[in-house]
Amino acid sequence: MIRILGSIFLLLTSILYAGSIEANVDSDEVFPGESVILTISIVGEDIKSLPNIPSIGGATVINSSRRSGSSFSSVNGKAKMEVTESLILEFIPEHNMTIPSFQVKVDGKIESSRPIEIKISKRRREQYYLRN
C-alpha cells in the first residue's frame, strides 16, 4: 500500500513539474482595426528556444516583447529551478482567424499550445440624434 501511494505521489510530482506552453489573448473578439495581444508562456527547467513570430495568420506583428523569470523550489529535499519565458505579441487581425498552435522544446519534449479563435465583430452603426 505504501509503495502504491509513493508511486502515485512521484507520478503526480513529475506531472506538476512537467514543462508546458500556454497561449492566451487579451480578447478573442475585437472590432475592425483593434489590436489583439497574444501572450505565449513557457515554463520548464530547460527551454531550448522561443519561437520567432513575425506574423500571425497573415497579420504582421506590430509590437513584441519578451519576459523571463525563474523560481526555486524544494519538494521532499529535491531542489528544482524553474524558468518562465513569455513572448508578448501585438497584431491587428483583418478577418476572423485561428491563431495556430505553437511548439517549443521544453525539458527535452516538444510541447504545443492550443489554437485560439479570433472573431472580428462588425462595428455597430452609431446613431446620432438631433435635438430641437
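**From a hairpin to a loop**

Select S5 and S6 to begin: these strands form a hairpin with two residues between them, and Asn76 in the turn has a positive phi of about 50°. Strands here are DSSP runs (E, at least two residues), numbered from the N terminus. The model is predicted, so local features need pLDDT of at least 70, side-chain atom pairs count only at pLDDT 80 or more, and totals for chains, interfaces and linings use all residues. Residues are numbered from 1 along each chain as its sequence is written, and side-chain values use heavy atoms, leaving out hydrogens and water.

Strand S5 (residues 59–75) runs antiparallel to S6 over 14 bridges; two strands pair if DSSP finds at least two bridges between them. Select Val75 next, whose bridge partner in S6 is Lys78.

Ile42 has Glu85 as its bridge partner in S6.

Move on to Asn96, in the loop between strand S6 (78–91) and strand S7 (97–99). The side chain of Asn96 reaches the backbone nitrogen of Ile120 at 2.6 Å.

Finally, select S7 and strand S10 (residues 116–120), an antiparallel pair with three bridges. Thr98 stands opposite Glu117 in S10.

Conventions. Helices (H or I, at least four residues) and strands (E, at least two) are DSSP runs, numbered from the N terminus. A polar contact is a pair of N or O atoms within 3.5 Å; within protein, one must be able to donate a hydrogen and the other to accept it, and residues adjacent in sequence count only if both atoms are side-chain atoms.
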